[in-house]
Amino acid sequence: MKKTINDLFVYVTGDVKNKPIIFVHGFPYDHTMWKEQIAEFSKDYFCVAYDIRGLGNSPAGNGQFTMESFVDDLELIIDELKLDKSVLCGLSMGGYISLRALERMPEKFFSAILCDTRSEADNNEGKLKRAAGIKRINTEGLAPFVRDFVTNCFGDDFKKNRKEELEKIIEKSSGFDPAGAKGGLLAMLSRTDTTASLGKIKIPTLLICGEQDTLTPPSVMREMFHKINKAEFLEINKAGHMTPIENPNEVNSALKTFLKKVTY
Ligand code: MLT
């Protein structure tokens, strides 16, 4: 079922009496990147997947976003839907949002799944790259930026064997509002570093990372894993940065095993 909460596009499915899982997508994607997980987990969980402000069907408005405002949006969705102790599952930028949410309102979550993400803020080189991205969108439009950015997210197996799917993803993201994409880049550029809080995470946490992920590589996620008390870490075969799309079977089975252990 589609809902609108504070202008945001929110997709909910499954029995509302079941434990909620909130899926928070990466940049520059939308909630449909979780379609294989939603199909699987809506059988036993109440799945909530929304489009982050400025991406997909959630309007960009003035495009002035921060990680904090993204977490405000997540909090509002949780409150509006009256979600109690959710499983929070975020990928990459969705992971940045999740990590800050875990820092800011830990009482709202039951367990966490962090996919292909990192706790460190952007370094100077990273900030300059974001600035160059914004400049490129301003001068060339969104499509060329999206083509390079999205292509870079996927691993070699996906790029070689699933070219049509990749083209469809690029086409979809190229149609997003450029103001929203630029707002997302600014929010990531200005986000805080959540590394110091990793040791304070008290809930069971699963970290997964594609073996071919070059943006948030396994070595980076393994370091995060060592800083979280009740954590597990799994590398996903034949996948780059977009594990839920690239190897949904392995991701679903990792999530299922983890959730079975911690939920019931
Ligand atoms: C994402 O997938 O959300 C982005 O790669 C995150 C980033 O650019 O830092």
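This is a predicted model: local features need pLDDT of at least 70, side-chain atom pairs count only at pLDDT 80 or more; totals for chains, interfaces and linings use all residues.

Reader: In which helix is K163 placed, and is K163 buried or exposed?

Author: Helices (H or I, at least four residues) and strands (E, at least two) are DSSP runs, numbered from the N terminus. K163 has its place in helix α7, residues 163-174. A residue is called buried under 20% relative accessible area, exposed over 50% and partly exposed in between, with a 1.4 Å probe and protein chains only. K163 therefore counts as exposed, at 54% relative accessibility. Between the C-alpha atoms of K163 and C47 there are 29 Å in space, and the two are 116 residues apart in sequence.

Reader: What is the strand order of the open sheet?

Author: Two strands pair if DSSP finds at least two bridges between them. Here eight strands form an open sheet with mixed pairing, in the order β1-β2-β4-β3-β5-β6-β7-β8. Its edge strands, β1 (2-5) and β8 (231-236), each pair on one side only. From one strand to the next the twist averages 20°.

Reader: How many bridges join β1 to β2, and how many pair β5 with β6?

Author: β1 and β2 (residues 8-13) run antiparallel and are joined by four bridges; K2 has Y11 as its bridge partner in β2. β5 and β6 pair in the parallel sense over six bridges, and V87 has S111 as its partner in β6. Six of the seven residues of β6 are buried.

Reader: Which strands does helix α3 lie across?

Author: Axes are lines fitted to C-alpha atoms, for helices over the stretch in contact, and angles run from 0 to 180 degrees between N-to-C directions. Contact means heavy atoms within 4.5 Å. Helix α3 (residues 93-104) lies across β3 (20-24), β4 (46-50), β5 (86-91) and β6 (109-115), and runs at about 140° to β5. Helix α9 (residues 218-227) also packs on the sheet, where it touches β6, β7 (205-210) and β8; its direction makes about 170° with that of β8.

Reader: Why does I208 count as buried, and what does I208 contact?

Author: I208, in strand β7, counts as buried because its relative accessible area is 0%. Leaving aside neighbours within four places in sequence, the contacts of I208 include M221, L234 and T243. T243 lies in helix α10 (residues 243-246) and is likewise buried, with a relative accessible area of 0%. I208 and T243 are 35 residues apart in sequence and 8.2 Å apart in space, C-alpha to C-alpha.

Reader: Which residues surround the ligand?

Author: A residue is near a molecule if one of its heavy atoms lies within 4 Å of it. The ligand is surrounded by G26, F27, S92, M93, Y96, R130, F149, M188, L215 and H241. An oxygen atom of the ligand lies 2.7 Å from a backbone N or O atom of F27. For side-chain N or O atoms, the distance to a ligand oxygen atom is 3.0 Å at S92 and 2.5 Å at Y96. Taken alone the ligand exposes 270 Å², of which the protein buries 93%.

Note on methods: Residues are numbered from 1 along each chain as its sequence is written. Side-chain values use heavy atoms; hydrogens and water are left out. A polar contact is a pair of N or O atoms within 3.5 Å; within protein, one must be able to donate a hydrogen and the other to accept it, and residues adjacent in sequence count only if both atoms are side-chain atoms. Accessible areas come from the Shrake-Rupley method with a 1.4 Å probe; for residues, only the protein chains shown count as cover.
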